[in-house]
Amino acid sequence: MAVVTGTSEEFGWLLTGQSGVVSRQQARRFLSRPALRHRIESGRWQRPHRAVYVTHNGPITSVQNRWIAVLAAPGPALLGGLTALDLLGLRGYPSRLTHVLVPVHRRYDQPPAGVAVHRTG
């Protein structure tokens, strides 16, 4: 059985900082596989994308969609383009897509719906 590390306080800070969205890898630092599976199967949590969880069962916000897009990427990813500009306060250029930057050598073949992937060197 895997040893779960970290405290509930650390987990709370992580969830607060990421708007209630967590990757499987992050969740496994604090929860056992059965505990994680129970949260999904009982409907307490959602799995909007492979290996990404939302820690409630209500509607997913636009901020959470951005976290999902970044955490679903294989390796490092950043928000970019109109998404990043919107976060910085630019108005008047709405985009229905979440723009994500990934390293040029990374493959991000199956992003969540509504995500535009841009490769950068």
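Which residues does Arg39 touch, not counting residues up to four places away in sequence? In this predicted model, the residues that Arg39 touches on that basis are Leu31, Arg44 and Trp45. Arg39 itself belongs to helix H3, which spans residues 33-41.

Arg39 is buried, yet no salt bridge is formed by its side chain. Glu41 carries the nearest side chain of opposite charge, and it is 11 Å away, whereas a salt bridge is counted only within 4 Å. The side chain of Arg39 does, however, reach a backbone atom: the oxygen of Ala35, at 3.1 Å.

From this residue the description may turn to the chain as a whole. The protein chain holds five helices and six strands. Read from the N terminus, these elements follow the order α-β-α-α-β-β-α-β-α-β-β. Along the principal axes, the C-alpha atoms occupy a box of roughly 45 × 30 × 25 Å. The chain has 121 residues, and 34% of them count as buried. Among contacts with a separation of 6 or more, 36% join residues 24 or more positions apart.

The remaining feature is the largest pocket, which contains about 260 Å³ of space. Its lining comprises 16 residues, and those nearest the centre of the pocket are Arg66, Thr83, Asp86, Ser95 and Leu97. Two helices, H4 (62-71) and H5 (81-87), each contribute at least two residues to this lining. Helix H5 provides the largest share, with four residues.

Terms used: Residues are numbered from 1 along each chain as its sequence is written. This is a predicted model: local features need pLDDT of at least 70, side-chain atom pairs count only at pLDDT 80 or more; totals for chains, interfaces and linings use all residues. Side-chain values use heavy atoms; hydrogens and water are left out. Buried means under 20% relative accessible area, exposed over 50%, partly exposed in between (1.4 Å probe, protein chains only). Lys and Arg count as positive and Asp and Glu as negative; His and the chain ends are not counted. A polar contact is a pair of N or O atoms within 3.5 Å; within protein, one must be able to donate a hydrogen and the other to accept it, and residues adjacent in sequence count only if both atoms are side-chain atoms. Contact means heavy atoms within 4.5 Å. On a 1 Å grid over the protein atoms alone, a cavity is a set of points where a 1.4 Å probe fits but cannot get out, and a pocket is an open set with protein on both sides within 12 Å along at least five of seven lines; lining residues have an atom within 4 Å of a point. Grid points are joined across faces, edges and corners, and a volume is the space filled by probe spheres set on the points.
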